[in-house]
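Me: I'd like to learn how to read salt bridges and helix faces in a model. Could you walk me through them?

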Amino acid sequence: PPKIKKIKYLNQFQLQTLISTLDLKGEVNWDYFILLLAKTGMRFSEALALTPEDFDFKNQLVSISKTWDYKGNGGFLPTKNKSSVRKIQIDWQTVIKFSELVKGLPMDKPMFVDTKVYNSTVNSRLGRLCARCRIPIISVHGLRHTHASLLLFTGVSTASVARRLGHSSINTTQKTYLHIIQELENKDVDLVMRLLSGLS
């Protein structure tokens, strides 16, 4: 029998429920990390490599220029490809939270890393939060899918989503999110028919 497909992303209501239960008080913790992934769609290794100097709060930007070698011995590594070097726009609520959070932290040191990091640690924290909220349990990578899916459903162009995710080609985005793009095309057909029938 075919395997039951695991849900890879959350809808907007589920994501809002998750974000509302995050513990975002005091110093750096994995909940801040989860929030940042949900709001930016960056890769796990990219978020681990973030330092306070990667934030440009005045212009509401986060710069992605490196990754963290969490599978090896730690330390900075280059990004997955050239297109992965990018600046991601963030909303003002995230700016306020993180401008407070980075105060007093060393500017050039990764914020979320002090010892060896395993993605299972963050996945289990995220899993517990999802279970507590009674929403589908997704992985850290699922937050990236959630981010992209919500943007596409909102009507953001595939090209803009590809740039935000750091995909080397728009084809990668189209292939990964084909099911969503098809759903949106069905909606487009309705819009086209409505327009045409209004022209008679």
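Reply: Gladly! By the rule used here (a side-chain nitrogen of Lys or Arg within 4 Å of a carboxyl oxygen of Asp or Glu), the count comes to seven salt bridges. This is a predicted model, where local features need pLDDT of at least 70 and side-chain atom pairs count only at pLDDT 80 or more, while totals for chains, interfaces and linings use all residues. Residues are numbered from 1 along each chain as its sequence is written, and side-chain values use heavy atoms, leaving out hydrogens and water.

Me: Which residue forms a salt bridge with Asp-54?

Reply: The general idea is that side chains of opposite charge can pair when their charged atoms come close. Here Asp-54 pairs with Lys-66, with 2.6 Å between the closest N and O atoms. Both Asp-54 and Lys-66 are buried (under 20% relative accessible area with a 1.4 Å probe, protein chains only; exposed is over 50%, partly exposed in between).

Me: And which residues are linked in a network of salt bridges?

Reply: Arg-43, Glu-46 and Arg-86 are linked that way.

Me: Now helix 1: which of its residues are buried?

Reply: An α-helix has 3.6 residues a turn, so residues three or four places apart point the same way. In helix 1 (residues 12-20), the buried ones are Gln-14, Leu-15, Thr-17 and Leu-18; helices are DSSP runs of H or I, at least four residues, numbered from the N terminus. These buried residues fall within an arc of 160 degrees seen down the axis, so they line one face of helix 1; the arc uses directions from the helix axis to the C-beta atoms. On the other side, Phe-13, Gln-16 and Ser-20 are exposed.

Methods: Helix = DSSP H or I, 4+ residues; strand = E, 2+ residues; numbered from the N terminus.
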